[in-house]
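Subject: The structure we spoke about, with notes

Dear colleague,

Here is the structure that I promised to pass on to you, and below it you will find my notes on what turned up. Please keep the structure open while you read, and look up each residue as it is named.

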Amino acid sequence: MLLIECPWCGKRDESEFSYAGEAHIARPLETGKLSDAEWADYLFMRKNPKGAHREQWLHAAGCRRYFNAERDTVSYQIKSTYKIGETPSEDRA
Amino acid sequence: MSKYSIFSLARNAMSYHQNWAAAWRSPEPKQKYDAIIVGGGGHGLATAYYMAKEHGMKNIAVLEKGWIGGGNTGRNTTIVRSNYLWDESAHLYEKSMKLWEGLSQDLNYNVMFSQRGVYNLGHTLQDMRDIQRRVNANRLNGIDGHVVTPQEIKAAIPHINIDQGCRYPIMGASFQPRGGVARHDAVAWGFARGADKYGVDIIQNCEVTSILQENGAVTGVETSRGKIMSPKVGVVVAGHCSVLAEMAGFRMPIESHPLQALVSEPIKPILDTVVMSNAVHGYVSQSDKGDLVIGAGIDSYNGYGQRGSFSGIEHTVSAIVELFPIFSRVRMNRQWGGIVDTTPDACPIIGNAPVKGLYFNCGWGTGGFKATPGSGWVFAHNVATGQPHDLNRPFALDRFVTGHLIDEHGAAGVAH
Ligand SMILES: Cc1cc2nc3c(=O)[nH]c(=O)nc-3n(C[C@H](O)[C@H](O)[C@H](O)COP(=O)(O)OP(=O)(O)OC[C@H]3O[C@@H](n4cnc5c(N)ncnc54)[C@H](O)[C@@H]3O)c2cc1C
Ligand SMILES: [Zn+2]
């Protein structure tokens, strides 16, 4: 069972959260000018790395707020969690 | 290689079964092949088999980083059915079903394909409308199936709970009589033996670490056992397809998730068919050995760890116990996970990659075991001729650009 630290509520059991996929995917600004391939890349293509992954979680049965996490997709260890709009720890150094 | 038969069995009994020949060779990799298949799961091995058998390509290697069948092929709950909603998927899975029906004879290897029927349960009015629609669509595509009532289900499966007062009452089901199960390891071994017979090299403990290219075309692969050259590379690595795509320099619309299963201690025969439920997310059958084989849902997060979450087990087991209260005291023996490659439309991606000579077959997610022979058959055509077969053309990667998705989410009963 994962123990996940919500940046607002603190450490809670995995079952309180729902997963919301890869983080930091920005919606393109000039959508009218996007090609089909650019739309496909934004909508469907994912990094899906084996190793370090930045991803979004929702504290569904808690404060109901989204936040980001850096987690290893092999060991499942969560390196850090941070609020939407913040930079992950390793970029701060 | 000797043919398996009653006579070979008798002959080998004379020497106490000590002298059976290995079912396939373990050769050193050559420097160059006409084609390389990356991934020695059922789909990769079937691809090599049909390339040799149907397309006369015999100078092929299958490169497997671990042992053959050690990925999802040897970890799944072995349910086989073809009752998918949309024409594209119905045709592909039904092709596979037809191959299953002659597979043991074709391979001269008993894959223990058992057409014991598959029930997909409905628990709400909307489930039942979807089931009716799917069964009608199936029948128009020549795929067997009918809708059954709770009483008919109870008559066929005496221990099932059709009490209408429980949280998710069984309101009916679709039944596909030709569905069933097969022995997963035997499928990998049978295709390996069959491919080896045609001269295909099956190379285990050989991990592909990069894909070599020159002027936009594939030239070979770098592996843990050295460089191996080939103008054609077919990648069939399930949960690792994004990793291989990254090596080749493009992105995939795929997320890898853990999916788990568990088996009970062996018990006397109690369930002679397959029961699946989308709404409560559990599915169960009984193996010939006697253990109940139970499958769970995927863990929500991306993961490459071959294990599943405890909350996932708890959820599934509670669903199974509600369907079969009599199973509440059966002890569970083993639990494990695989890494499944899910796509946005719950359909596979089979076809040419954006690099010349490179082909991908992946995205089978939680439900590709049933497709093993059909997937290998179409992909063999695609790799051998360089062009997709009509059956796999709709499943090209560029459907995510054109928007021609084949939305089997929910439509296909449960996703396994
Ligand atoms: C718990 C569970 C239950 C399931 N239940 C069902 C079911 O009931 N019915 C059904 O139809 N489907 C089911 N599935 C799905 C099914 O198992 C898969 O879709 C199918 O087996 C995929 O086969 P494959 O040959 O493509 O993949 P795999 O068998 O996973 O083979 C891929 C191989 O590629 C190898 N590989 C990866 N990277 C490399 C590399 N770099 N170099 C060399 N080799 C590499 C891996 O080691 C692996 O052996 C289930 C899956 C799981 C996990
Ligand atoms: Zn919170």
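A backbone N or O atom of B:G42 lies 3.2 Å from an oxygen atom of ligand 1, which falls within the limit for a polar contact, a pair of N or O atoms within 3.5 Å (within protein, one must be able to donate a hydrogen and the other to accept it, and residues adjacent in sequence count only if both atoms are side-chain atoms). The side chain of B:T77 also takes part, with a polar atom 2.7 Å from an oxygen atom of ligand 1, while B:V208 places a backbone N or O atom 2.9 Å from a nitrogen atom of the ligand. There are 38 residues around ligand 1, and those that come nearest are B:E64, B:N72, B:T73, B:T77 and B:K370, where a residue is counted as near if one of its heavy atoms lies within 4 Å.

Before going further, please note that this is a predicted model, in which local features need pLDDT of at least 70 and side-chain atom pairs count only at pLDDT 80 or more, whereas totals for chains, interfaces and linings use all residues. Residues are numbered from 1 along each chain as its sequence is written, chains are lettered from A and ligands numbered from 1 in the order in which they are written, and side-chain values use heavy atoms, with hydrogens and water left out.

Next, the domains of chain B. Domain 1 covers 26-76 + 185-254 + 345-412 and domain 2 covers 112-179 + 255-341, with bounds that come from an automatic or database domain assignment. The centres of the two domains, taken over C-alpha atoms, are 29 Å apart. In the contact between them (heavy atoms within 4.5 Å), 19 residues of domain 1 meet 15 residues of domain 2. Together the two domains bury about 1,300 Å², 50% of it on carbon and sulfur atoms, buried area being the accessible area (1.4 Å probe) that two parts lose on being put together, summed over both. On the side of domain 1, B:R75, B:G239 and B:I254 supply 40% of the area buried against domain 2, more than any other three residues. Between the domains there are seven residue pairs in polar contact, both residues being at pLDDT 80 or more. Helix α7 (residues 241-248) of chain B gives the most to the side of domain 1 that touches domain 2, with three residues; helices (H or I, at least four residues) and strands (E, at least two) are DSSP runs, numbered from the N terminus.

Chain A has two helices and six strands, which run β-β-β-α-β-β-β-α from the N terminus on. Its C-alpha atoms fill a box of roughly 45 × 30 × 25 Å along the principal axes.

How many residues does each chain bring to the contact between chain B and chain A? Chain B gives 26 residues and chain A gives 23, and the area buried between them is about 2,200 Å², of which carbon and sulfur atoms give 54%. B:R251, B:Y301 and B:Y304 supply 32% of the area that chain B buries against chain A, more than any other three residues. B:R251 also forms a salt bridge with A:D41, the closest N and O atoms being 3.1 Å apart, under the rule that a side-chain nitrogen of Lys or Arg lies within 4 Å of a carboxyl oxygen of Asp or Glu. That rule finds one salt bridge across this interface, and there are 15 residue pairs in polar contact, both at pLDDT 80 or more.

Over all chains the count comes to 20 salt bridges. One of them joins the side chains of B:D196 and B:R25 (3.0 Å, N to O). B:D196 lies in helix α6 (residues 184-197) and B:R25 in the loop between α1 (6-14) and β1 (35-38) of chain B, so the pair ties together parts that are 171 residues apart in sequence.

Finally, please look at B:T342, which lies in strand β17 (residues 332-342) of chain B. Leaving out residues up to four places away in sequence, B:T342 touches B:P253, B:I254, B:E255, B:H257, B:I298 and B:G365.

With best wishes
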